[in-house]
Amino acid sequence: MKYTSQMVAKPYFIAAIGLFIGQILFGVIMGMQYVVGDFLFPEIPFNVARMVHTNLLIVWLLFGFMGAAYYMVPDEAETELHSPFLAKLMFWIFLVAGALTILGYLLVPYATLAEITMNDLLPTMGREFLEQPTITKIGIVIVALAFLYNIGMTILKGRKTVINLVLLIGLVGLAVFFLFSFYNPDNIVLDKMFWWFVVHLWVEGVWELILGSLLAYVLIKTTGVDREVIEKWLYVIIAMALITGLIGTGHHFFWIGTPGYWQWWGSIFSALEPIPFFMMTIFAFNMVNKRRRQHPNKPAVLWALGTAVMAFLGAGVWGFLHTLSFVNYYTHGTQITAAHGHMAFYGAYVMIVLAIISYAMPMLNGRKAANSQLSQIVEMWSFWLMTISMVFITLFLTGAGIVQVYLQRMSDAPLPFMVVQDKIELFYWLREGAGIIFLIGLIVYVASFFVGRDQPEVELPK
Amino acid sequence: MSQAFTKSMARNIFYGGSMFFFLLLLVLTFDTVKSLPQTDNRENLTEQVAKGKHVWENNNCIGCHTLMGEGAYFAPELGNAYKRMGSKEAIIAFIKFRPKNGIPGRRSMPQFNLTDDELDAVAEFLKYVSEINNQDWPPNIQG
């Protein structure tokens with residue numbers, strides 16, 4: 001590690017992993033509620049568990065992105081971070097605000113939370129993924145602005161690389177599009193439409209820039225491939241991401257009261273959205289095959305290749321499965337959507353954050369480049385446990401979704417929602433089993449930080 | 001990638017392409033907002049409907065249900081609940097009489113202790129949503 005200020009990344013990464021554990025625990029609770037309907041009812045109703053599950057995901061990924069930026073930007077810019085103090089301060093503000101919000105979800109009824117946070121002054125709550133009280137949203141904006149200022153100033157005074165620049169564009173986009181979360185008109189169609197300006201333009205837009213930038217950084221570091229080559233790939237990938245993804249927003253405008261022409265725009269452009277993910281897979285494998293050096297940190301390379309493959313499968317293939325409007329007419333808002341959501345988020349965003357943590361943590365812990373042999377083996381076990389169980393979660397939900405779509409929407413005598421839910425119970429049990437294996441994988445992952453600490457790190461023969 | 005395709009070409013495609021398609025998105029968004037009055041049922045967007053939307057939001061209904069297909073997949077679609085249940089009264093009665101401690105072994109909607117006015121508002125909101133022209137989705141009454 002060349003710059004001491006990179007150390008501020010460490011608490012961000014630790015917080016990210018801690019919140020990740022919380023997210024998965026609540027995932028397992030919800031999985032159980034799908035089959036044992038009154039599990040933990042009325043103490044933790046499903047809607048509360050889901051809010052905790054999805055909000056923790058968003059918050060820990062943001063912690064991961066910020067930690068990644070604090071680690072990577074000084075290294076790329078070849079200068080110390082503008083203000084390590086500001087970074088540490090924002091860490092605590094974000095962590096306390098996040099923890100209070102989650103406690104608010106769990107300890108009081110949501111309507112009470114809306115009341116005590118004075119939601120009526122500027123109502124923004126109660127919309128999927130944007131459930132945070134308005135005051136928390138304002139806090140997120142403040143943290144994001146301070147973070148952008150810190151990162152921006154660092155980039156400004158240092159070496160300007162394409163990787164840093166792409167990250168910065170992604171982060172600015174993240175902050176700007178979040179502002180749409182404050183727009184909540186009484187007209188539900190307008191509300192839904194601009195809600196997607198946060199949600200879609202994040203995960204199928206600017207977050208892909210962040211993903212591309214972090215992936216490019218890890219690949220440069222671990223393969224030693226020429227920067228020119230990697231940067232060219234990065235430009236092409238993010239170009240395709242935005243060229244397809246911006247108008248691809250239209251695949252959310254099929255059935256929410258918006259004009260019918262979106263079925264054309266949305267179907268055609270979102271059908272092209274797998275292209276950047278496919279290119280990312282080719283890119284990652286190409287760079288690793290052309291590597292000019294071996295890197296002693298094998299799990300970091302594994303996560304980087306894993307994210308490229310799983311993002312393509314989850315976001316690309318599973319997205320394409322139900323994105324054409326005439327297919328989506330039947331699959332919209334079913335377990336097919338849930339299947340896609342799980343693998344896409346895991347593949348594209350969870351794995352890239354774990355890749356950068358895997359790459360950076362040994363250095364943040366004072367090692368030269370890698371962990372001990374034992375720690376690496378345990379980490380790679382966790383990779384396979386989590387990744388394979390996520391594949392099965394996705395497959396079981398897809399099975400559930402296909403049967404659901406048929407029984408509820410396509411058969412000659414469509415059945416009511418709850419009747420269908422009973423009929424697909426087996427898929428939900430299997431999904432819960434896979435979810436528990438995922439949790440075990442996560443425990444193994446955490447263990448990888450604690451095993452083999454006193455053993456020497458892996459070094460390659462010169 | 002071939003040598004003839006240079007980094008600056010890639011960069012130009014990124015900036016040019018994103019700019020172009022972002023502007024296209026803005027144009028389409030503008031056109032959509034302009035044409036929404038034909039589909040979004042705004043002539044029936046009363047104060048009571050607006051209030052119902054707040055009741056809907058303040059109780060996090062989207063945490064279990066979908067509305068026009070968006071939300072959680074734990075409980076039935078409600079964009080067409082008014083049509084499926086037949087009347088505002090049926091919706092109100094359903095929400096009002098949920099058992100506080102749930103139903104053993106089954107999924108059950110929580111008891112939200114809504115006032116009569118809130119119940120009426122949320123039912124009015126669901127009626128309004130059911131009358132939005134959303135390209136005939138869902139495929140049938142079951143949602």
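This is a predicted model: local features need pLDDT of at least 70, side-chain atom pairs count only at pLDDT 80 or more; totals for chains, interfaces and linings use all residues.
A residue counts as buried here if 20 or more other C-beta atoms lie within 10 Å of its own. Keep that cut-off in mind for chain A. Buried residues make up 59% of its 462 residues.

Now contacts. Take those in chain A with a separation of 6 or more: 81% of them come from residues 24 or more positions apart.

Next, helix packing. Two packed helices are described by the angle between their axes and the distance between the axes. I have two pairs to show, and helix 14 of chain A is in both.

Pair one is helix 13 of chain A, residues 335–364, with helix 14 of chain A. Their axes come within 7 Å and cross at roughly 165°. Angles over 145 degrees count as roughly antiparallel, so that is what helix 13 of chain A is to helix 14 of chain A. The crossing of these two is left-handed.

Who meets whom? From helix 13 of chain A, the residues include A:Ile336, A:Ala339, A:His342, A:Met343 and A:Tyr346. A:Ser358 is on that list too. On the side of helix 14 of chain A, we find among others A:Glu379, A:Met390, A:Ile393, A:Leu397, A:Gly401 and A:Val405. By class, the contact of helix 13 with helix 14 of chain A has ten nonpolar, seven polar and one charged residues.

Pair two is helix 14 of chain A, residues 373–410, with helix 16 of chain A, residues 425–447. Here the axes come within 8 Å, and the crossing angle is roughly 165°. That makes helix 14 of chain A roughly antiparallel to helix 16 of chain A. The crossing of helix 14 and helix 16 of chain A is left-handed. Its contact has 21 nonpolar, five polar and two charged residues.

On to chain B. It has five helices and two strands. In sequence order, chain B reads α-α-β-β-α-α-α. Is chain B compact or spread out? Its radius of gyration is 22 Å. For 143 residues the globule rule gives 15 Å, and 22 Å is well over that, so chain B is more spread out than a compact globule. The C-alpha trace of chain B spans about 70 × 40 × 30 Å along its principal axes. Of its 143 residues, 44% count as buried. For contacts in chain B with a separation of 6 or more, residues 24 or more positions apart account for 65%.

Last item: how the chains meet.

Technical notes: Residues are numbered from 1 along each chain as its sequence is written. Chains are lettered from A and ligands numbered from 1 in the order in which they are written. Axes are lines fitted to C-alpha atoms, for helices over the stretch in contact, and angles run from 0 to 180 degrees between N-to-C directions. Helices (H or I, at least four residues) and strands (E, at least two) are DSSP runs, numbered from the N terminus. Angles under 35 degrees count as roughly parallel, over 145 as roughly antiparallel, 65 to 115 as roughly perpendicular and the rest as oblique. A crossing is left-handed if the near helix is turned anticlockwise from the far one by less than a right angle, and right-handed if clockwise. Ala, Val, Leu, Ile, Met, Phe, Trp, Tyr, Cys and Pro count as nonpolar, Asp, Glu, Lys and Arg as charged, and the others, Gly among them, as polar. The radius of gyration is taken over C-alpha atoms; the globule rule is 2.2 Å times the number of residues to the power 0.38. A residue is buried if 20 or more other C-beta atoms lie within 10 Å of its own, exposed if 12 or fewer, and partly exposed in between; C-beta atoms are placed from the backbone. Two residues are in contact if their C-beta atoms, placed from the backbone, lie within 7 Å.
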